[in-house]
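I am opening a notebook page on this structure. The entries below follow the order in which I looked things up.

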Amino acid sequence: MAANAQTIETVENLAGEYKYGFVTDIESEILPKGLSEDTVRFISAKKGEPQWMLDWRLKAYRAWLRMAEEKGEPAWAKVSYPKIDFQDIHYYSAPKKKNLKSLDEVDPELLATYEKLGIPLKEREILAGVAVDAVFDSVSVATTFKEKLKDLGIIFCSMSEAVREHPDLVQKYLGSVVPITDNFYATLNSAVFSDGSFVYVPPGVRCPMELSTYFRINEAKTGQFERTLIICDKGAYVSYLEGCTAPMRDENQLHAAVVELVCMEDAEIRYATVQNWYPGDKEGRGGIYNFVTKRGACRGARSKISWTQVETGSAITWKYPSVILQGDDSVGEFYSVAVANNAQQADTGTKMIHLGRNTKSTIISKGISAGKAQNTYRGLVRVMPGAAGARNYSQCDSLLIGDRCGGHTVPYIEVKNRSAKVEHEATTSRISDDQLFYCRQRGLSEEDAVSTIVNGFCKEVLQKLPMEFAVEAQKLLGVSLEGSVG
Amino acid sequence: MSAPSFIDRLSAAHQSAAASLPGAAQPEVTARRQAALDSFRRHGLPTARLEAWKFTSLTGLERQVPPQPANEGSVDPARVQAATLPGDSFRLVFVNGRFDAAASKLAGLPKGVRLLPLSQAGPELPAVLASAGDDRATSLAELNAAFASDGLLLQLDDGVALDRPVELVAFGAPALVNLRHLVRLGHKAEATLVESYRDAGSAETGWNNIAAGIELAEGAKLTHIRLQGESAATYHAALGRVSVGAQARYAHVSVQAGGRVARHELQVEFAGRDAEVDIQGLVLARGSSHVDHTLRLHHAVPDCRSNQLFKHVVDDQGHAVFQGGIRVAPHAQKTDAQQLSRTLLLADRAQIDTKPELEILADDVKCSHGASIGDVDAQQLFYMQARGISVAEARRLLLSGFAYEVVSAVPEGALRDHVEAFVEAWLVQEKDGQA
């Protein structure tokens, strides 16, 4: 199948050094550095937003100012980095050509970039049946498969377009899962979010293809503030894929995204991420700061949200995809592999808030640290008094490669209902000499042996990824850990 | 009432009490006490905004406890009798934060053993009052250093093995009680310490603020049993700091079965290789009791082993908290650190918050932790009912069995019987068949 050939090629490109460290030279429209009310107004005006959207942004901006003054940036995570100067960041950048009617109008250089990334924008429909809403910096420039989805009543477009075309849906759901004042970075995002994806699946519709967005941070010193909103109405189903690569840059780039999922009765959302942003050089210089708020709400009975993530990139990751289990019998899942090598720092985990009766959640987290990296699992399982019969199973394992890295586990468990059953297990170990010896004896090189063992360690999570992603993710693990042994 | 006034009143109380505190004639001691008070004034009471105090709030304390040290008092001898070991032991009894010589037994101490109340100590006082840190999370220990009115001092010379257990029994008062203990075991010395905090029979609100230091030299062995069974009106906050030398062994069993808010924080530092620490905890909470175990184990050196097992039985509107911190320092290779926390929630409004916190900076280690939370297993109940055992009896059996895993960590004999009786006394009050 062509899909496979394409995938394999994509994946092979990954196998070397960090392949995606190129910068596309496209004329961008950049707002000068700095953040003020004018910045917010500019972004809003630039996107031709209605008044309510601007008001919403300004409300967030004022809340953010208060937060910045009263408490400052959150400091509880186990990560350290120089203080971010929020006035030293560009808050808007857009490729100059806009309002494209077809692919032919897309800047060829941009298309070439996608080519390098292996994004099948050019009618490579066969590949995976994936509809790609490619986000290049801040503005969505092209959307494929739109017509096909439209026939089913599925809305899959950029957030800016949704604000214009579907204001009722946006007004109803935006900020309903992650409120404006949720946390420092979510509030910042609410004020200056650039663009992102919007998905609405009407009742009873099963989205026939995996929806996908590739994010890239391109313009140097441009914080990217993605805003994604996915609504899955009664009995609907959607699977969403998000994959990321970014070019090499010397200065740290801030990324503060917000993802909101709304899942109604009997609906199901699967959200998969492969995150491979530039982690910085061996000393950690120049990597991406990734401060993301991802949260889903299981609003209706028997709804289900499943997060799967493979995190190999970013200098600093601060990310806790969560599920609020409101509907009775609703299900939340979190499968995660987080790899930190060299000077990377990851503080990631999940939150499962059980509100409805007989709600179930599963957490499988695999953390791998190598080099001088620090990898923390921080999770919360909270069972509220009304959540009779709630059930949680958590497993978090850490694998340490080398004696200078750290693997940390901080699971919070708060139970306020007697009929709840909560189990948590965690282990920390290293690749044993026995395992290595066994592989080496059978002719595997040391690196292949490590890669094999690591893939085995992560198997439970990788199995949950859609096929294309699974292959890519496996390769990524190998690449990320290159040079960590021997 | 606002916080500063509570603290100001405490400071004023210190002014008037200072002259009667142990070591008032030693300038070094009075200076240390003043410094401790200043530190406490700077930081104030710990609040839930601190990560280490996230689940435990002392807000009721300011309203309910008079901010002054307890006056002298007495306790019914029958209560003392019930709280002490039946067999041979050395015993120190404290009532309202003061040594009660009549109820104590100190005769016949072997050579190489120094055991006395703090109020009779002199040269050791600066060591006893040493600071546990100058921050808000440990500010209560500084308050304790400022006010410490008495406590237990136990020192064993090298190679001395005490054949009888040392008992410390303390009865609280409807005011502030500050006891401070120091236990030092020399090279290859061995001892057993039973520390009990008991209900003095008063329904008024009291505040027991305890601090303890334990130092184990190379090869020393200490078995440390701690029983907390105070009244439902008592606030109890204890900070224990343990330093474990090479090849030393520290075995600790902590049973907390009372108090309005009771917190036992234990900080263990491995100071030498090949040492072993075993900590077992049992929480029995009913009514509106809030019981907190907070641990910080620091594997600072290689080749050490630690094991933690904590069990919680929570009924009514009880609230149990378990925070289990383990830090494995870089280069502390071959560390073996295990932790398990298990909880039975017996009522709809019972709750548990657990937070294991593993910070691992060495790769050749074996570390695992687990937690489970649930109600009494319906199948097990059914099994017993099917064999003619009543629900109430079956539940009691299951609870008893659940608790016994911790009790069985106590050395066999009179000591274990004593702990078992303490646990059973709580369990028999368990209401029947509310399942």
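How many buried residues are there among the nine residues of helix α7 (residues 378-386) of chain B? I find that the count is zero, and the helix is hardly covered. I call a residue buried if 20 or more other C-beta atoms lie within 10 Å of its own, exposed if 12 or fewer, and partly exposed in between, with C-beta atoms placed from the backbone. Helices (H or I, at least four residues) and strands (E, at least two) are DSSP runs, numbered from the N terminus. Just after α7(B), Gly388(B) takes a positive phi of about 90°.

Notes on the source. The model is predicted, and local features need pLDDT of at least 70, side-chain atom pairs count only at pLDDT 80 or more, and totals for chains, interfaces and linings use all residues. Residues are numbered from 1 along each chain as its sequence is written, while chains are lettered from A and ligands numbered from 1 in the order in which they are written.

Chain A against chain B. I looked up contacts, meaning C-beta atoms, placed from the backbone, within 7 Å. On this criterion 30 residues of chain A touch 31 residues of chain B. On the chain A side, the elements giving two or more residues are β22 (391-401), β23 (406-415) and β24 (421-430). That side divides into ten nonpolar, eleven polar and nine charged residues. Here Ala, Val, Leu, Ile, Met, Phe, Trp, Tyr, Cys and Pro count as nonpolar, Asp, Glu, Lys and Arg as charged, and the others, Gly among them, as polar.

β23(A) runs antiparallel to strand β18 (residues 351-360) of chain B, and six bridges join them; a pair needs at least two DSSP bridges. In this pairing I find His408(A) opposite Glu359(B).

Domains of chain B. Chain B is divided into domain 1 (6-272) and domain 2 (377-435), with bounds from an automatic or database domain assignment. Their centres, taken over C-alpha atoms, are 31 Å apart. Eleven residues of domain 1 are in contact with eleven residues of domain 2. On the domain 1 side, β9 (221-229) and β11 (249-256) of chain B each give two or more residues, and β9(B) gives the most, with four. That side holds eight nonpolar, three polar and no charged residues.

Conventions:
Two residues are in contact if their C-beta atoms, placed from the backbone, lie within 7 Å.
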